[in-house]
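Please give a short report on this protein model for someone who has not seen it before.

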Amino acid sequence: MTPAELNVLPSPHFWRRVSCCLYEQLVLLGVIALTFLLPNLGLGIMFGVSLPSWLTFLYLYAVLGIYFVWYWTKTGQTLAMQTWRIRMIGNGGFALTKRQALWRYIYGSLWIIPCVVLQWMLHLEKWQIIEMLFTVALFIWPLSIYVDRREPSLRQSFPDRLAGSKLVELPKNLVTLT
């Protein structure tokens with residue numbers, strides 16, 4: 001599709017976004033297992049060391065950032081977005097630049113801040129923290145499309161509006177070979 005054709009496609013509705021987020025989280029389990037768990041298990045078993053929690057967070061944040069930025073700049077779609085026929089585009093329907101994709105990732109991860117504050121205020125335990133992070137990422141963050149007062153087919157979430165990106169729903173009959 002041309003950039004002009006992509007630019008006029010409708011925005012995915014709330015439940016399509018939630019479904020894509022759920023599938024994305026399943027895919028990310030594999031990414032994290034490969035890039036984080038295996039090396040850290042090796043370090044722990046072979047040398048008896050573990051990374052401090054702040055370094056673990058930064059490492060995971062960087063790994064996931066590389067994953068998203070790479071996919072968004074190459075094809076405009078992560079694996080989950082391909083399944084749900086959602087594509088991220090930049091201004092005018094063109095592919096995202098690396099800078100734009102990086103800012104989209106940073107803005108898209110701002111939902112972590114209220115979760116950290118709530119965890120600190122409520123003294124949540126390990127599983128409660130994971131449940132809260134999962135719920136906020138899966139349901140509450142996609143609800144930000146309803147703050148956008150435009151017509152439903154044009155609504156975008158906070159991260160997309162801030163980064164100048166746009167999610168569009170691809171038509172069913174579109175076949176792409178990459």
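A residue is called buried when its relative accessible area is under 20%, exposed when over 50%, and partly exposed in between, with a 1.4 Å probe and protein chains only. The model is predicted, so local features need pLDDT of at least 70 and side-chain atom pairs count only at pLDDT 80 or more, while totals for chains, interfaces and linings use all residues. Residues are numbered from 1 along each chain as its sequence is written, and side-chain values use heavy atoms, leaving out hydrogens and water.

Thr78 is buried, with a relative accessible area of 0%. Its place is the loop between helix 3 and helix 4. Helices here are DSSP runs of H or I with at least four residues, strands are runs of E with at least two, and both are numbered from the N terminus. Contact means heavy atoms within 4.5 Å. Which residues does Thr78 touch, not counting residues up to four places away in sequence? They are Glu24, Tyr67, Phe68, Tyr71 and Trp72.

**Helix 3**

Helix 3 covers residues 53-74. The expected span of a helix is 1.5 Å times one less than its number of residues. For the 22 residues of helix 3 that gives 32 Å, and its end C-alpha atoms are 32 Å apart, which agrees. Its buried residues include Thr56, Val63, Leu64 and Gly65. Tyr67, Phe68, Tyr71 and Trp72 are also among them. The buried residues of helix 3 pack against helix 2, helix 4, strand 1 and helix 5. Gly76 follows helix 3 and has a positive phi, near 80 degrees.

**Aromatic rings**

A pair of aromatic rings is described by the distance of the centres and the angle of the planes. Rings of Phe, Tyr and Trp (its six-membered ring) pair if their centres lie within 6.5 Å; planes under 30 degrees apart count as stacked, over 60 as edge-to-face and the rest as tilted. By this rule there are eleven aromatic pairs. Two of them are set out here.

| Pair | Centre to centre | Angle between planes | Type |
|---|---|---|---|
| Tyr67 and Tyr71 | 5.0 Å | 65 degrees | edge-to-face |
| Phe68 and Trp72 | 5.2 Å | 35 degrees | tilted |

Tyr67 and Tyr71 are four residues apart in helix 3, so about one helical turn separates them. Tyr67 is buried at a relative accessible area of 9%. Tyr71 is buried too, at 17%. Phe68 and Trp72 also lie in helix 3, four residues apart, about one turn of the helix. Both are buried. Ring pairs link Phe57, Tyr61, Tyr67, Phe68, Trp70, Tyr71, Trp72 and Tyr105 into a cluster.

**The largest pocket**

Rolling a probe the size of a water molecule over the atoms shows where empty space is left. On a 1 Å grid over the protein atoms alone, a pocket is an open set of points where a 1.4 Å probe fits, with protein on both sides within 12 Å along at least five of seven lines; lining residues have an atom within 4 Å of a point. Grid points are joined across faces, edges and corners, and a volume is the space filled by probe spheres set on the points.

The largest pocket has a volume of about 1800 Å³. It is lined by 45 residues, and the closest to its centre are Gln25, Leu28, Leu64, Trp111 and Ala137. Among the elements that give two or more residues to the lining are helix 2 (14-47), helix 3 and helix 7 (126-140). Helix 2 gives the most, with twelve residues. The lining divides into 34 nonpolar, seven polar and four charged residues. Here Ala, Val, Leu, Ile, Met, Phe, Trp, Tyr, Cys and Pro count as nonpolar, Asp, Glu, Lys and Arg as charged, and the others, Gly among them, as polar.

Val31 lies in helix 2. Val31 is buried, with a relative accessible area of 17%. Not counting residues up to four places away in sequence, Val31 touches Phe36, Val63, Leu64 and Tyr67.

Helix 7 has 15 residues and reaches 20 Å from its first C-alpha to its last, close to the 21 Å expected. Its buried residues are Met132, Val136, Ala137 and Leu138. Their cover includes helix 2 and helix 6.

**Two further residues**

Arg85 lies in the loop between helix 4 and strand 1. Its phi is positive, near 55 degrees, in a residue other than glycine. Arg85 is partly exposed, at 21% relative accessibility. Lys172 is found in the segment after strand 2 (166-169). At 70% relative accessibility, Lys172 is exposed.
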